[in-house]
Amino acid sequence: MLLLLEQCLNGLQLGLLLFLLAAGLTLVFGIMDLVNLAHGSLYMVGAYFAATFTALTGSFMAGAVLALAATLLVGMAVEVIAMRRLYGRDHLDHVLGTFGLILFFNELVRLVWGPAGLTVPLPAWLNTAVPILPGIYYPAYRIAIIAVALSVALFLYLVVMRTRVGMLIRAGASNREMVGALGINIQLLYTLVFGIGAALAGLAGLMQAPILTVSIGMGENILILAFVVIIIGGIGSIRGAFIASVFVGLVDTVGRAFLPELFKLVMSPAAASAAAPAVSSMLIYLLMAIVLVLRPEGLFPAPGR
Amino acid sequence: MTWHLSIRNLAAAALLAALALIPVYCHLTGNFFLLSLFTRIVILAMAAVSLNLIMGFGGMVSFGHAAYIGIGGYAVGILAHEGVTSGLVQWPLALAVSALFALVIGALSLRTRGVYFIMITLAFAQMIYYVGVGLSRYGGDDGLTIYRRSQFGGLVNLSNKTVFYYLCLGLLLATVYGIWRLVNSRFGMVIRGARSNERRMRAIGFPTFRYRLACFVISGTICGLAGVLLANHTDFVSPAMMHWTRSGDLIVMAVLGGMGSVLGPLFGAIAFLVFEEVLPILITLVGRPFLGRAAAHAGEYWQIVLGPMLLLVVLFARGGIDGMLASLRRA
């Protein structure tokens with residue numbers, strides 16, 4: 001029971017991180033109609049920036065803030081240099097062009113930071129366990145991740161639903177020509193949205209940095225997960241992305257934790273320990289396939305698409 | 001379609017002649033690395049040609065085509081591991097398994113459109129990838145060495161590099177010819193019509209789903225054959241051969257070569273894989289005056305050049321190599 005609670009919290013944390021990535025992806029897709037495979041590269045770049053700035057400033061918080069700003073700038077630069085030219089083209093072009101960007105970023109990171117992975121030390125005040133229930137301890141940093149991600153989600157909701165910029169973003173998603181015709185600088189809006197998406201990816205990367213080793217290609221696996229999330233949630237829908245990411249995070253984490261035990265009930269221990277990791281890796285893809293077969297547009301298709 | 005003399009057709013003919021003469025060159029110079037490289041190129045070209053059947057002509061962008069390479073390869077590897085080395089058993093079985101997987105994956109995936117299709121094919125490929133990782137009896141993550149290539153009695157000896165190369169080339173040409181006939185047949189017209197306007201095709205009475213599914217299965221089966229050949233070529237199968245970046249590579253080959261024609265992906269596969277070999281050397285040479293001794297290291301970072309080049313191809317050379325050759329005729 002204790003383990004289940006802990007795994008659920010881990011799942012929630014993974015899910016919320018996925019949401020940070022998926023929100024950027026789904027915004028970019030919903031508004032610019034752009035499939036951005038290089039989104040995972042921005043996540044990776046965010047983590048590397050965090051490692052460097054933390055080492056330079058000696059403080060994780062200062063490093064994180066600087067990394068966030070740097071990733072935002074990188075994202076906007078990528079938009080201005082490359083992405084802008086891909087709007088309005090075929091999705092296949094997007095897949096190919098951004099696949100090229102992944103190769104570019106991976107090698108660039110290898111060139112700048114070297115092939116070895118980096119680690120980011122946690123400040124002492126985050127590197128403790130706090131009681132969440134009487135007698136049950138949970139790492140403070142993971143709770144911090146959950147809190148930050150939840151507040152970002154809330155902030156994003158407020159920005160998109162309650163501010164003028166958010167109104168323009170929603171308007172751009174449903175009819176971009178009209179927004180342009182009404183005198184809005186749509187190009188600036190696109191750069192801004194892409195930058196925000198990049199910053200969200202960078203935030204996910206830098207928060208993940210102290211938990212995992214910062215390494216080349218770290219963005220690719222989680223990118224595929226983020227795509228699974230936005231496909232399940234329905235492309236272009238932030239609400240769908242939120243629900244789907246928590247769902248996917250829980251299924252993945254809880255599946256990995258409990259499938260081996262579950263399998264041991266029906267097969268020999270040796271067979272179970274061989275089959276369970278493979279099946280638990282497949283679980284979310286299976287989930288996505290089932291969702292798509294039943295609802296080809298995802299669970300919460302954005303209106304007007 | 002009549003054959004006429006144009007730069008594009010001349011280039012294709014020259015290319016095929018060059019491919020046929022590769023082993024001769026290798027025997028004369030003793031450079032057998034080249035033969036091995038071109039065997040790989042021919043095999044992956046077959047996979048790219050098969051992908052282009054659904055992608056270029058059918059408008060179905062499969063981001064999981066490397067899975068069929070893996071299925072074909074693992075069918076050979078697993079049978080060989082279990083002591084069944086006869087190619088007459090291995091090959092048909094591998095093709096049947098590939099076709100079966102393509103049938104199931106296609107039947108489910110073709111319910112979706114656009115990006116959803118791209119992503120659901122990716123999801124299925126990832127599932128198959130993890131099955132490969134989980135096959136601990138057959139090496140799991142580390143892969144499985146094949147100690148004996150497929151045996152065909154005394155008919156052909158696959159261990160002979162030259163024979164194997166010509167077998168692969170022959171199968172590739174047969175594939176290209178078969179697909180060329182297919183896309184120009186009534187069946188192919190329906191597939192291409194469904195890409196342009198599916199609703200209209202349905203309105204005039206074609207059950208497009210069935211046509212597209214059949215096309216998907218044909219493509220997957222051919223790709224499975226490429227997997228069978230690749231397993232025999234490397235004497236090794238591992239989950240890495242169906243990693244999602246492999247599927248990306250296949251898309252790159254098809255688009256780089258040009259999706260508008262059957263031969264395009266062949267150009268693309270050759271260009272991409274030769275480029276992969278040549279680019280590091282090229283960077284080292286170009287970098288030497290500027291970087292001095294560091295140039296040797298710079299070659300390792302060739303993908304930093306490849307990435308932006310892909311982007312440039314997408315932006316400025318929409319029709320790929322084939323498209324450029326075709327436009328030369330008009331100029």
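Reader: Leaving aside neighbours within four places in sequence, which residues is Val115(B) in contact with?

Author: Two residues are in contact if their C-beta atoms, placed from the backbone, lie within 7 Å. By that rule, and skipping neighbours within four places in sequence, Val115(B) is in contact with Val35(A), His91(A) and Ile235(A). Before we go on: this is a predicted model, where local features need pLDDT of at least 70 and side-chain atom pairs count only at pLDDT 80 or more, while totals for chains, interfaces and linings use all residues. Residues are numbered from 1 along each chain as its sequence is written, and chains are lettered from A and ligands numbered from 1 in the order in which they are written.

Reader: In which helix does Val115(B) lie? And is Val115(B) buried or exposed?

Author: Helices (H or I, at least four residues) and strands (E, at least two) are DSSP runs, numbered from the N terminus. Val115(B) belongs to helix H5 of chain B. For burial, count the other C-beta atoms within 10 Å of the residue's own, with C-beta atoms placed from the backbone: 20 or more is buried, 12 or fewer is exposed, and in between is partly exposed. Val115(B) has 20, so it is buried. Within its own chain, the C-alpha atoms of Val115(B) and Val61(B) are separated by 8.6 Å, though the two are 54 residues apart along the chain.

Reader: Zooming out, how many residues does the contact take from chain A and from chain B?

Author: It takes 37 residues from chain A and 36 from chain B. On the chain B side, the elements giving two or more residues are helix H5 (114-134), H10 and H13. H5(B) gives the most, with 15 residues. For classes, Ala, Val, Leu, Ile, Met, Phe, Trp, Tyr, Cys and Pro count as nonpolar, Asp, Glu, Lys and Arg as charged, and the others, Gly among them, as polar. The chain B side that touches chain A then splits into 27 nonpolar, eight polar and one charged residues.

Reader: What do the buried residues of H13(B) pack against?

Author: They pack against helix H4 (91-113) of chain A together with helix H10 (244-257) of chain B. The buried set is Gln303(B), Ile304(B), Gly307(B), Leu310(B), Leu311(B), Val313(B) and Val314(B). To check a helix's length, take the expected span as 1.5 Å times one less than its number of residues. H13(B), residues 303-316, has 14 residues and reaches 20 Å from first to last C-alpha, close to the 20 Å expected. Helix H4 of chain B (87-109) has 23 residues and reaches 31 Å, close to the 33 Å expected. Its buried residues, including Trp91(B), Leu95(B) and Phe101(B), pack against helix H3 (66-81), H5 and helix H9 (208-234) of chain B.

Reader: How many residues has the largest nonpolar core?

Author: In general, nonpolar side chains tend to be buried together in soluble globular proteins. A nonpolar core here is a set of buried Ala, Val, Leu, Ile, Met, Phe, Trp, Tyr and Cys residues joined through C-beta atoms within 7 Å. The largest has 213 residues, and Ala226(A), Val228(A), Val229(A), Ala45(B) and Ala226(B) have the most contacts inside it. Helix H1 (residues 2-32) of chain A gives the most to this core, with 16 residues. Neighbours within four places aside, Ala226(A) is in contact with Leu18(A), Leu21(A), Ala22(A), Leu25(A) and His39(A).

Reader: What radius of gyration would a compact globule with 331 residues have?

Author: The radius of gyration is taken over C-alpha atoms, and the globule rule is 2.2 Å times the number of residues to the power 0.38. That gives near 20 Å for 331 residues, and chain B has 20 Å, so the two agree. Chain B has 14 helices and two strands, and 49% of its residues count as buried.

Reader: Where is the place of Asp33(A)? And what is its phi?

Author: Most residues other than glycine have a negative phi. Asp33(A) has a positive one, near 55°, and sits in the loop between H1 and helix H2 (39-57) of chain A. Asp235(B) is another non-glycine with a positive phi, about 55°, found in the loop between H9 and strand S2 (236-237) of chain B. With 15 C-beta neighbours inside 10 Å, Asp235(B) counts as partly exposed.

Reader: In what sense do strands S1 and S2 of chain A pair?

Author: Two strands pair if DSSP finds at least two bridges between them. S1 (129-133) and S2 (136-139) of chain A pair in the antiparallel sense over four bridges, with Ala129(A) bridged to Pro139(A). Their hairpin has two residues between the strands, and Gly135(A) there takes a positive phi near 85°.
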